Amino acid sequence: MASPPAFPAAVPLSSLATGRSGRVVAIPADAAAALAAEGLAAGDLLEIETRQPFGGPVVVRVGHARLALAARIARGIVVEPLGVGAPTR
Amino acid sequence: MRHAEAMSPQGPGASPATPIIALVGRPNVGKSTFLARASGRFAESANVPGTTVGAEARPVVTAAGPAILVDLPGTLALDDHPTGDAPFWQLLLDAAPDAVLVVADAGNLARHLPLALACRDLGLPIVLAANLSDEASARGVEIDTGSLAQLLVAPVHGTVGRDGIGVSAALEDAVRRGRQRVAVRDAGASPRATIPAAVYPPSVEGRLASETNHLRISPSLGAAAAPAAPLARFVADGRVSPRGAATIALADLLAPHRRAMAVAWAERVERRHAVAPALAERIAEASVRPSTGIPLLVGVLAATFALVMVGGGAAAAGLGSAWNAWASPPIHAVVGTLVPVPWLANALLWALDAGLLAMLSVGLPYVLAFYVVIAALEDSGYLASVTVLADRVLGAVGLPGRAAIPLLVATGCNVPAIYATRVLATRRERVIAAFLATLTPCSARSAVVIAALVPFAGPWVALAAFGVVSALTVAAGVGANALLPGRQSPLVLELPPFRRPLLRSVTAKAWFRFRDFVRLATPLMLVGSFVLGLAFESGAVHAFSGVVAPLVHGWLGLPAVAGIALAFSFLRKELALQLLLVLAAAEAAGTAVVAVGAPIALNTLMTPSQLFVYAVVASVSLPCVATFAALAGELGRRTAVLMSVASIALAVTAGGMLARVVGIA
């Protein structure tokens, strides 16, 4: 899945380091409904709280909520990284 | 339809004027606790998404009059499928609510308001409970409920379901609004719209209007052209207005607008001030960070089992000696006096003395202790962290992390575990999880392994038996994952904040589950023990052991009489041990009369190696009859039979191989 050219700095959520923040640019179509139901959509700010080893789920903070996302989904979410430690809460 | 019987809150006794109030909210927002506060009882609720799996109706009397409260499963949206089959809007409209009490998280309005807006769009009167407002305050979020009420055009109450703050006020408002609607409907008028006329941008309103017209016409067509679509049927019944139905039909179109509205409104009504993260929040973070979370998980699991096994073991021993001192002699005396036929009296004693004691000494200490621990873990929010930690591991057997919940429950009792598989998204996941749950040693089977092996073969042998059973379970999971078509759905889960478990809620929940367990188990235990007693007293048992001898003795290397205990453990798994003890006593005494009080030496019947094989086979083979009933009810009889056959095949194959490894066959 190639990053949209409009966001040259965009990376998959899975490659964002723990503690870093980003703005969601694109959401994988097959998971869009599940993510929208959990309140995650393009434009949202999120922060990587922690990630499990061996390709386990990633825990992100979106506003006050904490969401656990399977690695497969995290690879499909495209984010534009923000400055280190940028607050999302 | 699983919901059919649960979904008729208006029984013959309910007055038609009594308004029905539906409780709607996202998972884990504390609806069940809220309902319990409102109706004075504690429902099955857990601090983990998806505990309320069916609808539950309860009559309540409020200051605003009587009402029927219907607790619906937590849902992310009206078109979500929280129980796997019918969409949520269908569950909601099946309940025929006169008002909807939307329970939202006060600290997370942007996520929770879209559901409230969707309910309001149905044309039903709504009341919003901004629940968990204590947790929101702790995080520095205060809600201006007055402004929110103006925006929403509906009453808004700040509530704390756990402590009952604001619960009655919110409920009374809902009852009041519901009564108004009932009164209007009974007067023959169609209920007035309770929402502003135009909510969405003109283009969206245009689409809504044309869909509304379409639905307004189609019910009349639908009556002729059966079967009408459910949505048209609800319109024809007057349960939802045509416009309300149109908002369901066009949910995908409206969702982004509702979301934008929710975000903007949340921004306007929230007052935020910075606070240091609470201890609970720091623990919640640590519980999913691998470096701290994995040791914590190991510690929690070890502490759970230590507590249940040590505490349960002590209680079982105490109960056993108390029973033998106080209950057993009078039972013997009474049965001996009333039943002059010796063989019948003995068979009755199997049930009333040994059977009841088994129920007490296994059921009460182990099962109840485990239920208390699991209820406390559920309420604390920790099970969601387990889900995250377990996701990768369970992924190997085709299960999502949330399958950790039923599997953990299964270590207490398989029956609730099979019901708990409803939290899983697909039938495939449910089948795999249920199969693994039935292979997971429940407290009764763990007790068999521990009580048979620790005293007579040593604690390490018991540990080895658990290791073998776990390995077989994993192997079965890998096999089932490979055999069943499809693949697992990836994890997307909101993690609940950690909460101190409420003693009242924990004890109530543990007690309700335990009561269900006792109700299901006691008759089976009594009948099973009696039937076995008859078989034993009449000598039929020896004919049976002759039939199974080639398998039990030849292949598994066990005394043929152990086959009886294995076969009858289908009735209750702890019978696998109880019967073995009885058989050992009978063998030792050379008589069939049960000497329950005497210290029974299992080693007169089997060698430690044989006990090891026996414990593994008893633990893996065939779920008990209650588990079978739950499997058949939840997944179908065919699946239940297939799983039972698979588990017997697995147990016999592995048992035979083990017997050769340890050199008893």
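Tutor: Helices are DSSP runs of H or I with at least four residues, strands are runs of E with at least two, and both are numbered from the N terminus. The model discussed here is predicted.

Student: Which residue just after H24(B) takes a positive phi?

Tutor: Helix H24 of chain B covers residues 608-620. Just after this helix there is a positive phi of about 45 degrees, and the residue that takes it is Leu622(B).

Student: How far apart are the end C-alpha atoms of helix H24 of chain B?

Tutor: The helix has 13 residues, and at 1.5 Å a residue it should span 18 Å.

Student: How many of the residues of H24(B) are buried?

Tutor: A residue counts as buried if 20 or more other C-beta atoms lie within 10 Å of its own. Among those of H24(B) that are buried are Gln610(B), Phe612(B) and Ser619(B). The helix is mostly covered, and of its 13 residues the number buried is 11.

Student: Are H18(B) and H24(B) roughly parallel or antiparallel to each other?

Tutor: Helix H18 of chain B, residues 443-457, packs against H24(B) with the axes 9 Å apart and at an angle of about 175 degrees. Angles over 145 degrees count as roughly antiparallel. The two helices are therefore roughly antiparallel.

Student: By class, how many nonpolar residues has the contact of H18(B) with H24(B)?

Tutor: H18(B) contributes residues including Arg445(B), Val448(B) and Phe456(B), while H24(B) contributes, among others, Leu611(B), Tyr614(B) and Ala618(B). By class, one residue of this contact is polar and one is charged, whereas the number of nonpolar residues is 12.

Student: Which element gives the most to the side of chain A that touches chain B?

Tutor: In this interface, 26 residues of chain A are in contact with 25 residues of chain B. H1, S3, S5 and H2 of chain A each supply at least two residues of the side that touches chain B. With five residues, the element that gives the most is S5(A).

Student: Which residue in S9(B) does Arg66(A) stand opposite?

Tutor: S5(A) and strand S9 of chain B, residues 492-495, run antiparallel and are joined by four bridges. Across this pairing, Arg66(A) stands opposite Leu495(B).

Student: Which residue in the turn between S3(A) and S4(A) has a positive phi?

Tutor: S3(A) and S4(A) pair in the antiparallel sense over four bridges, with Thr50(A) opposite Val59(A). They form a hairpin with six residues between them, and the turn residue with a positive phi, about 55 degrees, is Phe54(A).

Definitions and conventions:
Residues are numbered from 1 along each chain as its sequence is written. Chains are lettered from A and ligands numbered from 1 in the order in which they are written. This is a predicted model: local features need pLDDT of at least 70, side-chain atom pairs count only at pLDDT 80 or more; totals for chains, interfaces and linings use all residues. The expected span of a helix is 1.5 Å times one less than its number of residues. A residue is buried if 20 or more other C-beta atoms lie within 10 Å of its own, exposed if 12 or fewer, and partly exposed in between; C-beta atoms are placed from the backbone. Axes are lines fitted to C-alpha atoms, for helices over the stretch in contact, and angles run from 0 to 180 degrees between N-to-C directions. Angles under 35 degrees count as roughly parallel, over 145 as roughly antiparallel, 65 to 115 as roughly perpendicular and the rest as oblique. Two residues are in contact if their C-beta atoms, placed from the backbone, lie within 7 Å. Ala, Val, Leu, Ile, Met, Phe, Trp, Tyr, Cys and Pro count as nonpolar, Asp, Glu, Lys and Arg as charged, and the others, Gly among them, as polar. Two strands pair if DSSP finds at least two bridges between them.
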